[in-house]
Amino acid sequence: MSAADVPRLEVVGSDGVGRDLFEVVTFTDAGFRVRAPVKFEIGEVLTVRIARGAARSDGRVRVARHVDDGAAVITALDLLEEIPVRTVVTG
């Protein structure tokens, strides 16, 4: 897996602005394991933007657990919903 294959995840605030808070460690269709500078509450639901190459989507994830792997705290995020963002071209 190359760095280009790893999705980028942004937390979307109430102001609609995406913030790059996560370093994605691993991912599956069911969710993500990430490193983050802050610990979100277990059970907390976050609105996110997901970028996989040129594909973009909006979604929601739930903080499932935090695991200390000895080097860092890894946060497991369960993917609850993902909606592809469609690009509209006019002209």
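## Residue T75 and its strand

In this predicted model, T75 belongs to strand β7, which covers residues 73-84. Strands here are DSSP runs of E with at least two residues, numbered from the N terminus. Residues are numbered from 1 along each chain as its sequence is written. Local features need pLDDT of at least 70 and side-chain atom pairs count only at pLDDT 80 or more, while totals for chains, interfaces and linings use all residues; side-chain values use heavy atoms, without hydrogens and water.

T75 counts as buried because its relative accessibility is 4%, the term meaning under 20% relative accessible area with a 1.4 Å probe and protein chains only.

The side chains of T75 and H66 form a polar contact at 2.9 Å. Such a contact is a pair of N or O atoms within 3.5 Å; within protein, one must be able to donate a hydrogen and the other to accept it, and residues adjacent in sequence count only if both atoms are side-chain atoms. When neighbours within four places in sequence are set aside, T75 is in contact (heavy atoms within 4.5 Å) with F32, R33, V34, V63, R65 and H66.

## The sheet

An open sheet is built from 7 strands in the order β2-β1-β5-β6-β7-β4-β3, with antiparallel pairing; two strands pair if DSSP finds at least two bridges between them. At the edges stand β2 (18-19) and β3 (23-28), each of which pairs on one side only.

How values were computed
Helix = DSSP H or I, 4+ residues; strand = E, 2+ residues; numbered from the N terminus. Buried < 20%, exposed > 50% of the residue type's maximum accessible area, 1.4 Å probe, protein only.
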